[in-house]
Amino acid sequence: MKRFILICAFIAALGASAFAQQSTAFAEKPALVTAIGQSADFEMIKVLLNRAKVPYTADPLVKAEKLDGSAKTLVLVVGASSKGLGAAGISAEAELVRTQALLKKAKELKLSIIVMHVGGAARRGAMSDAFIKPCMEAADFAIVVAAGDEDGLFTDLAAKAKINLAKVDRISSAGAPLAAAFK
Amino acid sequence: MKSAYSRPVLLVLLSLILAAAPLAAQPASQAGTAASTPTAVFTQPVHPNFQAALDEQRPGPGVIRIGALSEYLPVLAGTALDSPVYFLDPPVPAAALKQGADSRQSAAADSRLPAILILGGTHGDEIAGVMAASLFVTWAKPAAARLIVVPRANASAGTWSDPDRPGPKAIILETAEGRRAFRYGSRFTRSEDEILPDPERYYPPEAVGEEQSLAGREARNLNRAHPGDEAGSRTAQAAAAFFNLIQKENVKAAFDLHEAGPVSGLAWNIVAHPKNLDYAAMGILAADERGVQMVLDRSRPNNRGLSHRAWGENTEAAAYLIETLNPGQVTGGKPELDHLDNELSPLWKRVGIQVETVMAILMTHSDMDEATGWAQIDGMPGIEALKDDFTRYF
């Protein structure tokens with residue numbers, strides 16, 4: 001009985017680990033990073049990509065027609081900022097249209113898609129969630145600071161999309177799974 | 001306003017007090033380490049608001065000189081908006097000392113050295129910013145840059161309570177050196193301290209169109225007045241003096257320390273000008289590694305009159321505004337609120353995050369800029385030290 005419990009515990013731990021971490025590098029370089037919702041979190045992901053030595057181009061407002069296959073992985077920094085949207089001169093509705101077109105084109109080009117949500121509770125709410133849902137449905141992998149998933153939204157969406165979700169305690173810890181995702 | 005402190009004998013007395021105060025008031029742990037006594041040279045009468053701001057501080061051994069904001073706009077001298085400016089200098093290289101230079105005075109005179117500017121008290125009720133700036137006055141030891149600190153950027157706003165949003169009269173700390181009080185002020189310059197009446201609608205500098213106009217009393221909000229107007233209201237003149245300071249003192253990084261209320265989306269934010277947004281991002285990551293979580297926001301073109309926009313656009317300085325959560329900043333105010341031990345946002349946390357965030361961004365400047373290490377500041381207590389024994393560091 002004791003051995004059976006140990007085996008069950010081992011299997012459960014293995015499963016939890018596989019769900020929490022991308023076990024193998026899957027994303028090809030270079031990457032294209034964009035801001036979905038125009039939050040300044042985009043800047044921090046650029047820093048993390050630099051640290052991970054992942055070559056990338058960054059365009060917070062990139063449109064679907066600009067995707068030409070030169071970038072192999074699309075990194076989506078998700079989280080709405082009404083101020084960021086205002087500064088970019090784009091409405092939330094137009095941003096959602098841009099996002100959906102971008103996701104469609106990325107799928108057509110067979111790009112890998114990584115969702116990053118690092119702004120915690122400040123980047124949640126109706127406007128952010130409207131961006132999060134389509135991105136998670138299209139993603140191959142997601143990295144989330146745990147404070148942004150207190151209601152389990154990312155956990156649920158990742159389960160539905162059958163993708164791996166790396167939950168980290170803080171932004172600075174998001175660099176490791178991001179680096180590990182790239183071949 | 002005519003100053004009560006305009007007589008020459010009082011000026012002499014003030015100079016003597018200022019000369020003695022830093023050594024008498026410095027923290028016990030730093031006593032005896034000062035290289036020389038800071039000197040205050042005021043050629044103009046000081047206003048009671050200036051004196052009140054001065055009395056609040058305990059300059060540490062890093063302070064080489066206590067000056068006045070009016071040095072950068074003489075028309076401010078003796079007015080309600082003049083405020084003490086603390087200059088902290090790095091050690092002079094050994095080679096200069098061999099040539100007989102005084103280690104402090106020679107560095108102070110060298111305005112070619114880059115400078116860091118820290119403002120607290122732009123809004124007098126955003127008390128964690130005042131207290132964090134005050135910690136720099138007491139503890140900071142810049143390694144290579146000059147550090148300039150103005151704990152009460154709006155000296156008038158620190159002296160009155162806004163009836164629309166009152167707070168406690170002061171934050172009182174019982175320190176080993178005696179009671180220390182930080183006045184809990186207002187967001188605005190006191191009406192009586194202004195020289196112009198509030199307009200019906202206020203248009204911040206460079207505002208375009210009616211939609212960028214604000215309620216009339218915002219004319220007395222220092223953080224809607226940048227980059228200022230030398231011929232404008234007292235508040236606009238104070239903003240102009242800060243602009244002149246940044247230019248004259250070769251300021252490369254400028255911080256404006258603020259707080260925001262619970263319903264504001266600004267709490268726990270760093271707002272950075274786009275030209276230095278990457279530094280702020282790296283600073284957030286560095287702070288995050290020390291357990292301090294902040295959200296990055298970018299300065300927008302329509303942020304007319306705000307420090308981060310005006311300084312970032314019009315000077316060489318990398319401009320940052322830091323916001324912590326002040327649970328007392330609510331409509332109607334909360335005069336009875338316990339700021340020190342508040343469950344939601346205790347003062348040790350607010351002040352600690354202000355300090356940690358400034359230090360993390362400066363570390364990024366030190367790592368990334370051409371003059372490596374220029375922005376390093378030693379001696380500051382971190383958030384854990386402040387959590388353990390907040391009062392000790394005041």
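## The contact between the chains

In this predicted model, 15 residues of chain B and 15 residues of chain A make up the contact between the two chains. On the side of chain B that touches chain A, the elements α7 (277–288) and β13 (295–298) of chain B each supply at least two residues, and it is α7(B) that gives the largest share, with 7 residues. Sorted by class, this side of chain B holds 8 nonpolar and 6 charged residues, together with 1 polar residue.

## Confidence

For the model as a whole, the scores are ipTM 0.72 and pTM 0.84. Chain B has an average pLDDT of 87, and 84% of its residues score at least 70.

Two stretches of chain B call for caution: over residues 1–26 pLDDT stays under 50, although the model has 39 contacts beyond four places in sequence for them, and over residues 28–35 pLDDT likewise stays under 50, with 11 such contacts in the model. Where pLDDT is low, the predicted coordinates should not be read in detail.

## The parallel sheet of chain A

Chain A contains an open sheet of 6 strands, paired in parallel and arranged in the order β2-β1-β3-β4-β5-β6. Its edge strands are β2 (56–58) and β6 (164–168) of chain A, each of which pairs on one side only, and from one strand to the next the twist averages 20°.

At the β2 end of this order, strand β1 (residues 31–36) of chain A pairs with β2(A) in the parallel sense over 3 bridges. Within this pairing, A:V33 has A:A58 of β2(A) as its bridge partner.

Key
Residues numbered from 1 in each chain as written. Chains lettered and ligands numbered in written order. Predicted model: local features only at pLDDT ≥ 70, side-chain atom pairs only at ≥ 80, totals over all residues. Contact = placed C-beta atoms within 7 Å. Helix = DSSP H or I, 4+ residues; strand = E, 2+ residues; numbered from the N terminus. Nonpolar A, V, L, I, M, F, W, Y, C, P; charged D, E, K, R; others polar. pLDDT = per-residue confidence, 0-100. Pairing = 2+ DSSP bridges. Axes fitted to C-alpha atoms, helices over the stretch in contact; angles between N-to-C directions.
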